[in-house]
Every structure is written in C-alpha cells, then in structure tokens.
Amino acid sequence: MKARVHVMLKDGVLDPQGEAVRHALGSLGFEGVNGVRQGKVIELDLADGTTEDQIAAMCEKLLANTVIESYRIETL
Amino acid sequence: MRAAVIVYPGSNCDRDMEVAFARAGLDVTRVWHKDTTLPAGIDIVGVPGGFSFGDYLRCGAIAANAPISGALRDHAARGGYVLGVCNGFQVLTEAGLLPGALLRNAGLKYICRTVGLRVEGASVYTDGYGAGTEIALPIAHHDGNYFADPATLDTLEGEGRVAVRYTDNPNGSARDIAGILSENRRVLGMMPHPERAAEPAHGNTDGARLFAHLTTALTAA
C-alpha cells in the first residue's frame, strides 16, 4: 500500500519561500496571486496492513515538526 | 571535567568544538552518532554545527532521532550540561530538549558573517560575560530564524532564558533571539559559533570566555 503525507507550515508561521514564489509569479505577470504557501509531499511505500495510526506516529516522530508544521495523511 | 562531542555524518564543527573544550581544560572525547551510550562520567555534551544528514527532511530532524539521542536525552534528564551550536541548536529543538524551532532565514539567504550579540540570561555559559555585555561572534546558517509561539517566547523572556540576542537581527528571529536555555539552565542552544572565535588565530576571541567560564564553573561544582 502507499500513503502520501502532506506537510505544511502552520498558519501564522512565516513562509519566506512561499513569499519569494509569490513575488516571482507577480514579476512574471501573473496577477492576482494573493498568497503562496510552500509545503512538501512525502510518499510512503508501506507493508499492507499498515494502519493510519502507525503513519500518524511516523509523522509525529519524524516527518513533521508539529511545533511549526501540520500534516495530512492520504492513503492511496 | 569531561566533555563529549557528538559527530553525525555531515557535522563540520565537531573538531572546532573539541579544540575549544580542550583548550579550556576539559578532557574531550568525540562520540559517533551510532553509539547508544556516552562514555562514563561525561559532564557536558557538545552538539556541533554542520549539516547533519545533509539537512534532509528538516535541519537536525534525522540527527535528533539518531541512536545516540537516547543517551543525550538521559544525560540532559540527569541534569547534565549540553551545548548545541548552529546545527546543534537545530538538533536540540528537534529533539525537544529546547522549545521552538529554527525556520528558513527571513531573507532566504545563507548568511555567513560576524554579528553583534548581547549576552543576557544567567548560566554557566553566559556568566563569564555578565548580562548586558555586547560581543561579536560568527554565524553561518540558512535556517536560523528562531520561532516559538508567543506564550513560549513570553515564558523564555520571563524566566530569563534568552541567553543571547542579536543586536541587529540578521535572520528574522522572533524577539532577536540567538540562543536559549532550558528550564534548568543547563542546556544551551545558540546559532552563533563561539568555537569559531576562541583563539587569536581566529581573529576574534569573544567566544573563548564561554568555554573558559564553563570549565571553571563545572570544576567548582
């Protein structure tokens, strides 16, 4: 089985990379881009039967830093 | 007095930290990240700067879960001293030994230069300078932008746990914080590099007093 973990900076945590991307889009002429937040996607190839709780434990322990990041698990 | 410096793949200030400890009079051993115990009788553990595990995932995240981490946590829980510099500070926040996190610099650039700092919180690391003393130390980081929620920042300031502050904030750190202390004031994490400004050949010796005073304080304890 596969799972996809989406990790994003929490609201209220400044994302300077997203801001730089927003500026770059503006300078390319794309108007109306009011905000950009940049995160990461981690794909996991897992043994069948791996539970969502186990994936959540992976997120809490390593994949996300919950001081600054939130995560969302998508099983495929 | 004995010190251990942890070495991760990608550490590059481990030798500098070892030399700084040794010149201050400590007996120093370097410890590989795959070890699961620290040598007996270690008083202080140094977590050095560098790019542990290539900064993959998040700076310090993989190092914080390395096999040596259990022994590092036990050492801190026993009231042992820990000094984390630069990547070492990132490792200590990722390991939960210090609050907050270090984000990408607000200006997005890697910054490598000497910056002004004001020493604040009382500890074996900072008492050699005295609160309010201004010093200069080199920084070299891409992710040194200290972040914590406002309540945590208030606690750190209220308890005098901000060890050093930037006099001219280079990286967007909350409340100009460059280094913080644990609740028992024995764990210090800081982005600036005292070990790179510790002898005349470095062109700056402002960092030497941290190591000298630390050794004196530990020896007297």
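## Basis

Residues are numbered from 1 along each chain as its sequence is written, and chains are lettered from A in the order in which they are written. Because the model is predicted, local features need pLDDT of at least 70 and side-chain atom pairs count only at pLDDT 80 or more, while totals for chains, interfaces and linings use all residues; side-chain values use heavy atoms, with hydrogens and water left out.

## Interface of chains A and B

Contact here means heavy atoms within 4.5 Å. By that rule, 14 residues of chain B touch 17 residues of chain A. The buried area is about 1200 Å², with 65% from carbon and sulfur atoms; this is the accessible area (1.4 Å probe) that two parts lose on being put together, summed over both.

The rule finds 1 salt bridge across the interface, where a salt bridge is a side-chain nitrogen of Lys or Arg within 4 Å of a carboxyl oxygen of Asp or Glu. Glu69(A) and Arg58(B) form a salt bridge through their side chains, at 3.6 Å from N to O.

## Aromatic pairs

Over all chains there are 3 aromatic pairs. Rings of Phe, Tyr and Trp (its six-membered ring) pair if their centres lie within 6.5 Å; planes under 30 degrees apart are stacked, over 60 edge-to-face, and the rest tilted. One of the pairs is Tyr8(B) with Phe53(B), which is tilted because the planes stand at 55 degrees, with the centres 6.4 Å apart. Tyr8(B) is in the loop between strand S1 (2-7) and helix H1 (14-23), and Phe53(B), 45 residues apart from it, is in the loop between S3 and H2. Helices (H or I, at least four residues) and strands (E, at least two) are DSSP runs, numbered from the N terminus.

Tyr8(B) is buried at 2% relative accessible area, whereas Phe53(B) is partly exposed at 21%. Buried means under 20%, exposed over 50%, and partly exposed in between (1.4 Å probe, protein chains only).

Phe21(B) and Phe211(B) have ring centres 5.5 Å apart and planes at 85 degrees, so this pair is edge-to-face. Phe21(B) belongs to helix H1 and Phe211(B) to helix H5 (residues 208-220), so the pair ties together parts 190 residues apart in sequence. Both Phe21(B) and Phe211(B) are buried.

Pro67(B) sits in the loop between strand S3 (44-47) and helix H2 (69-77) and is partly exposed at 43% relative accessibility. Beyond residues up to four places away in sequence, Pro67(B) touches His33(B), Lys34(B), Asp35(B) and Thr36(B).

His75(B) is within helix H2 and is buried at 2% relative accessibility.
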